[in-house]
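User: Hi! Could you walk me through the fold shown here, one step at a time?

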Amino acid sequence: MPGHQQELNIIVCIDPRRCGYVPDDMGRKGPELLTGLRQAVVDNDWADKVQVTPCRCIFGCTYGPRLDAVSRHGGGKVLYGSTEGKATISRRGTVDFRRIPPDLTQLVSDNLGTE
Ligand code: FES
């Protein structure tokens, strides 16, 4: 539909400077996470609600691979990486990380607020 904006935009760092080649503890690098999230969207018929977008460095590379889930309905931005809890990163200061879960469908569902 024209002008339609998805409820959720997930931006996934695939920057070759780090997230493109440093895996998380499950062996997933940025490109695999991008593919997995896109597959979760297709499998769950969420294409009208969720956009998954590759990006370059979004900071917090030390805790990569990194992705951010940005909700358009007041949920703000949730930062994901390879750690859980507070950490200080360049440009953004102290932030609260969530660890990227094994189940990427769960990650999408958590940020959609689906019950
Ligand atoms: S290279 Fe991915 S967050 Fe910096």
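Analyst: Happy to. Helices (H or I, at least four residues) and strands (E, at least two) are DSSP runs, numbered from the N terminus. This is a predicted model, where local features need pLDDT of at least 70, side-chain atom pairs count only at pLDDT 80 or more, and totals for chains, interfaces and linings use all residues. Residues are numbered from 1 along each chain as its sequence is written, and side-chain values use heavy atoms, leaving out hydrogens and water.

User: Is Ile11 buried or exposed?

Analyst: Ile11 is found in strand S1 (residues 8-13). Buried means under 20% relative accessible area, exposed over 50%, and partly exposed in between (1.4 Å probe, protein chains only). Ile11 has 18% relative accessibility, so the residue counts as buried.

User: Which strands stand at the edges of the sheet?

Analyst: Two strands pair if DSSP finds at least two bridges between them. The six strands form an open sheet with mixed pairing, in the order S2-S1-S3-S4-S6-S5. Each edge strand has a single partner, so one side of each is left without a neighbour in the sheet; these are S2 (50-55) and S5 (85-89).

User: How many bridges join S5 to strand S6?

Analyst: Gly85 stands opposite Phe97 in S6. S5 and strand S6 (residues 93-99) run antiparallel, and the number of bridges joining them is five.

User: How far apart in space are Ile11 and Val52, C-alpha to C-alpha?

Analyst: In sequence, Ile11 and Val52 are 41 residues apart. In space, their C-alpha to C-alpha distance is 5.9 Å.
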